[in-house]
Amino acid sequence: MKRRLVIFSFLFLLSFVAAHAQQKNTLRYEVMLNGNMTDSLKRIKFINCLDISPDRYIAIASSGKMYLLGWGGMSQLGKKSELPISSYAFTSEGLLMVVRGKSLCYIGRSGTYKEIVKLPSSDMGIAGGKAVVYLFDRNKKDKRYMLYAYAKGGVYNELLVSPKPVSAVVEMSDSVYVAIGSGVYSYSPSVKNVSLVVGLQKGNEIVSMTVDPDRNILFLSTKDTIYAIKDQSFVKVTGDFGGGIIKYFNNGLIVFSPGNQSITRIVNIADSLIF
């Protein structure tokens, strides 16, 4: 049923602290990757996507290649893709699913991309959930941007349709949170209900979202700021280095800025926020 919305060669090159009015302690940042490290890194144009592998590696990608970053450096995952990679995500079972054109794929043992199913649209975003993966439209001409839940066996469930592109999807507790434009909406699968969680100033569009599942904190980023939401409280985390693609991992917040090829980790975020 659908609903309509009306509307690592990891080098710690730098550590510094910054104080904010809504924090009880100072934030500590660790720069984990910087585009100025090597000339070869400068030649890679990364796409706006990041995830964490079951082996605790950071997965990033260009339009043609997947990479894993860890303490031993950055290595290519699989062979070069003949079709452009637009997004990817690990499932709850650890399988890496990759969106290429209008195909949902995985990387086989030989390193080649194997198609799982044809997708309704090209350039779809993907996000992992507990029992399903979410596929969403980010670039269409008909102004009907769909959010699907995809389960094993190739079963699609249309959750909602939006007049604006969907930029991010995450699960927290029993709800699905969807970023559309400058707003975050919650969707309850049990009652098929959509409600507005927070609306930012018009034009301040949300780029990415992630969750701290243990403390039920929703993080969201715009082009220049990162925010956190818990219950009815909404606080600014930082605006020191702009927004980016964010991922909560190991009690910290990883921030990926593909434009300048940087990955920064906010280390002590759990001890710094006041709601």
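The entries below go through a hairpin, a surface patch and the salt bridges.

**Ground rules.** I am working with a predicted model, in which local features need pLDDT of at least 70 and side-chain atom pairs count only at pLDDT 80 or more, while totals for chains, interfaces and linings use all residues. I number residues from 1 along each chain as its sequence is written, and side-chain values use heavy atoms, with hydrogens and water left out.

I take buried as under 20% relative accessible area, exposed as over 50% and partly exposed as in between, with a 1.4 Å probe and protein chains only. Strand β17, residues 175-180, runs antiparallel to β16 and is joined to it by 6 bridges; two strands pair if DSSP finds at least two bridges between them. Across this pairing I noted V169 opposite V178. The two strands form a hairpin with 2 residues between them, and S173 in the turn has a positive phi of about 55°.

**Surface patch.** I found that L95, Y106 and I116 make a nonpolar surface patch of about 220 Å². Such patches take residues with over 30% relative accessible area and no salt bridge, nonpolar side chains (Val, Leu, Ile, Met, Phe, Trp, Tyr) being joined within 5 Å, and the areas come from the Shrake-Rupley method with a 1.4 Å probe. I116 belongs to strand β11, residues 113-118, and counts as partly exposed because its relative accessibility is 32%.

**Salt bridges.** I counted 9 salt bridges in the structure, each being a side-chain nitrogen of Lys or Arg within 4 Å of a carboxyl oxygen of Asp or Glu. One of them joins the side chains of K247 and D51, at 3.2 Å from N to O. K247 lies in strand β24 (residues 245-249) and D51 in strand β4 (residues 51-52), so this pair ties together parts that are 196 residues apart in sequence. K247 is partly exposed at 25% relative accessibility, whereas D51 is buried at 7%.

I also recorded E115 with K118, whose closest N and O atoms are 3.4 Å apart; E115 is partly exposed at 43% and K118 exposed at 54%. For D137 and K140 the corresponding distance between the closest N and O atoms is 3.6 Å, and D137 is buried, with a relative accessible area of 1%. Finally, I noted that R28, E30 and R265 are linked in a network of salt bridges.

Methods
Helix = DSSP H or I, 4+ residues; strand = E, 2+ residues; numbered from the N terminus. Patch = residues over 30% accessible without salt bridge, like charges linked within 9 Å, V, L, I, M, F, W, Y side chains within 5 Å.
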